[in-house]
Amino acid sequence: MVSYKELGLVNSRELFKKAIDGQYAIPAFNFNNMEQLQAIIQACVEDNSPVILQVSSGARKYANQTILRYLAQGAVEYAKELGKNIPIVLHLDHGDTFELCKSCIEYGFSSVMIDGSHHPYDENVELTRKVVEYAHQYDVTVEGELGVLAGIEDAVVAEHHTYTQPEEVEDFVAKTGVDSLAISIGTSHGANKFKPEQCTRNAEGVLIPPPLRFDILDEVEKRIPGFPIVLHGASSVPQDQVAIINQYGGKLKDAIGIPEDELRRAAKSAVCKINIDSDGRLAMTAAIRETMALHPEWFDPRQYLGPARENLKELYKHKLVSVLGSAGKA
């Protein structure tokens, strides 16, 4: 058993309180490898932002649980080396079993998500409560979920939205003891969040996705005032990155994301954690495709992973300042 405190990490409890009071959201950036982690830490140190490092079950298998532990510890020391001791959370994204959550806690995670949203309500409550009871013994914070997001992210797959039912949130929070709650208000996993027929076109012919259900968010806030809310599937799918990918051999069709102004509006509410994964994948892929196309003679991975890391950092800096509002809040 390794305590996250030994690694220099923090849990999310105090970060969320400050975010709600300050009307901003903590960035929750998914990572799988060193370059992604470097970009995250560089961006957050330069803009003085707290950060949640997110690891899916697929990423944990890819990177190895032991290596991840040392990467997280290295991230803490790297931030100090860059000049800022920013708060860093290591969080399990979409944990689907008690055993996985337990294992992550034992390997130094400071926060876990148990996603029982695909189960019937009572089973979701029971599973979530079991994880909370175990995690709280070690001062690890727990995120639960009500409602289902459409889309694909690693092993999380759903064809349709199931919006969160506001009338369930009070009972769920009371029975489970969770520290934060992920809700479904129209965000979606992946880079193809909406089908074209779900969207409208503006005067320039650009597809505009259906608006988020802020009425659901408002009702949830009324029922559990001041309680930390989380948005998953909140990538905006920047069209400049999609265009670069397609220009250099990619085949991304109808890639549509969540408008950034809607995310900024959400961040000013009780939404204090916003998950961003697909945007980072797009930024890295765009830079790698462009670099390899322009320099076919290069074969050193550093020559294309370096520009990918820099592109990713710039994307994240934009998110911290203009979307989440977390810059300067560390």
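Helix axes are lines fitted to C-alpha atoms over the stretch in contact, and angles run from 0 to 180 degrees between N-to-C directions. Helices are DSSP runs (H or I, at least four residues), numbered from the N terminus. The model is predicted: local features need pLDDT of at least 70, side-chain atom pairs count only at pLDDT 80 or more, and totals for chains, interfaces and linings use all residues. Residues are numbered from 1 along each chain as its sequence is written, and side-chain values use heavy atoms, without hydrogens and water.

**Exercise 1.** Classify the packing of H10 against H12.

Step 1. Take H10 (residues 260-267) and H12 (residues 301-324). Their axes are 9 Å apart, at an angle of about 65°.

Step 2. Apply the classes: under 35 degrees is roughly parallel, over 145 roughly antiparallel, 65 to 115 roughly perpendicular, the rest oblique. So H10 is roughly perpendicular to H12.

Step 3. Find the contacts (heavy atoms within 4.5 Å). Glu260, Leu263, Arg264 and Ala267 in H10 meet His318, Lys319, Ser322, Val323 and Leu324 in H12.

**Exercise 2.** Classify the ring pair of Phe98 and Tyr134.

Step 1. Rings of Phe, Tyr and Trp (its six-membered ring) pair if their centres lie within 6.5 Å; planes under 30 degrees apart are stacked, over 60 edge-to-face, the rest tilted.

Step 2. Here the centres are 5.8 Å apart and the planes stand at 80°, so the pair is edge-to-face.

Step 3. Locate the partners. Phe98 is in helix H5 and Tyr134 in helix H6, 36 residues apart.

Conventions:
Helix = DSSP H or I, 4+ residues; strand = E, 2+ residues; numbered from the N terminus.
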